[in-house]
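Come along while I look things up one at a time.

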Amino acid sequence: MAVNTDKALIVQGDKTLLIDIHSDEAEDAREAIIPFAELEKSPEHIHTYRITPLSLWNAASAGFGPADIEKILRKYSRYEIRAGIIEGYKDIMSRYGKIKMVQGAGEEPEKKLLLLINDKAIRSEIGAVEILKKILKEEESGFSFDLINRGTVKHELIKTGWPVKDEAPLLDGEHLEVKLRTVSLSGRPFAPRDYQIDAARAVLGNAGPGTGYGVIALPCGSGKTIVGMLIMSMLKTNTLILTTNVAAVHQWIEELLDKTELQCDMIAEYSGDKKSVAPVTIATYQIITWRPSRTSDFPHFHLFRERPWGLVIYDEVHLLPAPVFRVTAELQAVRRLGLTATLIREDGAEDAVFSLVGPKRYDVPWKELEGRGWIAEAVCREIRIDLPDDLKIPYAVAPPREKYRIASENPLKEEITLQLIENHDSDQILVIGQYLSQLNSLAKLLNAPIITGRTPNAERERIYGRFKTGELRIIVVSKVANFAIDLPDASMAVQVSGSFGSRQEEAQRLGRIIRPKGRNAWFFSLVSRYTVEEEFAANRQKFLTEQGYKYSIQHWADNK
């Protein structure tokens, strides 16, 4: 077998790609494979990418063909590529485009869509899908269906292994002049960064069929909001923005007023606190998915039809609640942008995001932006603590879920949190946890304000404001810290308890502290030794080290 050790890429039979980052070609190889491979791990020496059906269909939607992938793999591969691997990729990619979605014909064609399917066997397979039998009407060229079912059809088809090439036209929406400032309202020079411009262009493409929708994956702190505003300025249309909570709504409003020439009366909030609509409306997922009972309709879904929207932005799209998928299906005729730091969904619904919002159009690894100084370098440290003697027997006899809580609320964590804060007297610090009794105790001990899901929005914003001005150095926060809060001066987090090893949560919490600030960011996780908490922490640790972050483990007793 021919071997060229100067090459960076190793193509494996299990559809993983390994990049030797010490190779001179490593950066070029990484850039070349990103369109069709998903980054899985990026520790110190070897980065691992995986090619999946979804990643291949993402590539196909961006215009990549099997020949393009074969050329790239052969160019950078250190070893000969085993027979059959490329053929496997070709088979998967060939499924994309076998079914095309176009505008309907006949009377009122704007209300109908067509699935064009030339292959009779595929047509028979699709016609036999139980859920689609009530939606699709058989035609000579395939199937017709009502526009309102656009998203539902796409989602069901990708679940059967047939991703749709959506070439049906998109609506422009009502015109709205959106212009970016060159000097922000706060007086600082403002210009989008090169990768933000590239991301916006990747979504909008050439404005032809199959463009104008998709997902951007950028690390926390890298300015995903700016990508959204940039696309708004390019499209110049009424925009609906959906985000995770009221604090995030207000941050979007502040950013829009600060960095665009939009005036206050052009922007509205639609949340549990206020319900108004304007050319730019920012709403929470919570209010959209609220209903009086489990059997009731969703009374706020009317917002999606309130105005002639030309763009819908899904902030933190990896958290998009399942009920929103239903109404998203109605909005398939509108340009759609998903923003996220990670496409990991703990419910495994990545294919739903692909179908209903769009394929991933652009991403940049955390480590690349860290190397360029756009986000802070993070140091992650797990501190392991023994359980006190009086808790060892209660822990031993407790049921599994109670074991986790006993370990998480280890009272020795309070002492260590105090010590860490004393050791980092120049940092602005978030103390983050899961259990309210533990957090309330810490807040009292630290003489710090606490923010939980019960904290009124006005009080949350007052505390965030005091933290941003430096009046407060420490905030104690519950799971609300996982979602879209912008605290650019936070440089340290102490995680006293987490949600059973959630990778998504770990990414979000780390993201709170890696805004660039000319210094390292510190992320401490406190874990009870020899308990189930260690097992869940190992999953979170694995995720961070695979992303390339420096992660060390320390036994607190060694400090004494």
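**Entry 1: a helix to start with.** Is helix α2 (residues 53-61) mostly covered or mostly uncovered? I looked, and α2 is mostly covered, with seven of its nine residues buried. I wrote down the buried ones in α2: Ser55, Leu56, Trp57, Asn58, Ala59, Ala60 and Ser61. After α2 comes Gly63, and its phi is positive, near 100°. A reminder to myself: this is a predicted model.

**Entry 2: the whole chain.** Next I stepped back for an overview. I found 21 helices and 23 strands in the chain. The chain has 560 residues, and 56% of them count as buried. I also looked up contacts with a separation of 6 or more: residues 24 or more positions apart account for 72% of these in the chain.

**Entry 3: a sheet of five strands.** In which order do the strands of the five-stranded sheet lie? I read the order as β7-β8-β6-β5-β9, in an open sheet with mixed pairing. At its edges I found β7 (137-138) and β9 (165-166), each of which pairs on one side only.

Strand β6 (residues 112-117) runs antiparallel to strand β8 (residues 142-146), and five bridges join the two. As a landmark I noted Leu116, whose bridge partner in β8 is Gly142.

Helix α5 (residues 120-127) lies across β5 (99-103), β6 and β8, and its angle to β8 is about 35°. Helix α7 (residues 150-159) lies across β5, β6, β8 and β9, and I noted an angle of about 175° to β5.

**Entry 4: a sheet of seven strands.** I moved on to another open sheet, in which seven strands follow the order β12-β13-β11-β14-β15-β10-β16 with parallel pairing. Its edge strands are β12 (267-270) and β16 (360-363), and each pairs on one side only. From one strand to the next, the twist averages 20°.

Strand β11 (residues 239-243) and strand β13 (residues 280-284) are parallel partners over five bridges. Within that pair, Leu240 has Thr281 of β13 as its bridge partner.

Which strands does helix α8 (residues 194-204) lie across? My answer is β10 (213-217), β15 (335-340) and β16, with α8 running at about 170° to β16. Helix α10 (residues 246-259) lies across β11, β12, β13, β14 (311-314) and β15, and its angle to β13 is about 160°.

**Entry 5: looking for empty space.** Rolling a probe the size of a water molecule over the atoms shows where empty space is left. How many cavities of 30 Å³ or more does a search of the whole structure find? The search finds one. The volume of the largest cavity is about 110 Å³. It is lined by 14 residues, and the closest to its centre are Lys154, Val164, Tyr213, Phe354 and Pro359.

Conventions. Residues are numbered from 1 along each chain as its sequence is written. This is a predicted model: local features need pLDDT of at least 70, side-chain atom pairs count only at pLDDT 80 or more; totals for chains, interfaces and linings use all residues. Side-chain values use heavy atoms; hydrogens and water are left out. Two strands pair if DSSP finds at least two bridges between them. Helices (H or I, at least four residues) and strands (E, at least two) are DSSP runs, numbered from the N terminus. Contact means heavy atoms within 4.5 Å. Axes are lines fitted to C-alpha atoms, for helices over the stretch in contact, and angles run from 0 to 180 degrees between N-to-C directions. On a 1 Å grid over the protein atoms alone, a cavity is a set of points where a 1.4 Å probe fits but cannot get out, and a pocket is an open set with protein on both sides within 12 Å along at least five of seven lines; lining residues have an atom within 4 Å of a point. Grid points are joined across faces, edges and corners, and a volume is the space filled by probe spheres set on the points. Buried means under 20% relative accessible area, exposed over 50%, partly exposed in between (1.4 Å probe, protein chains only).
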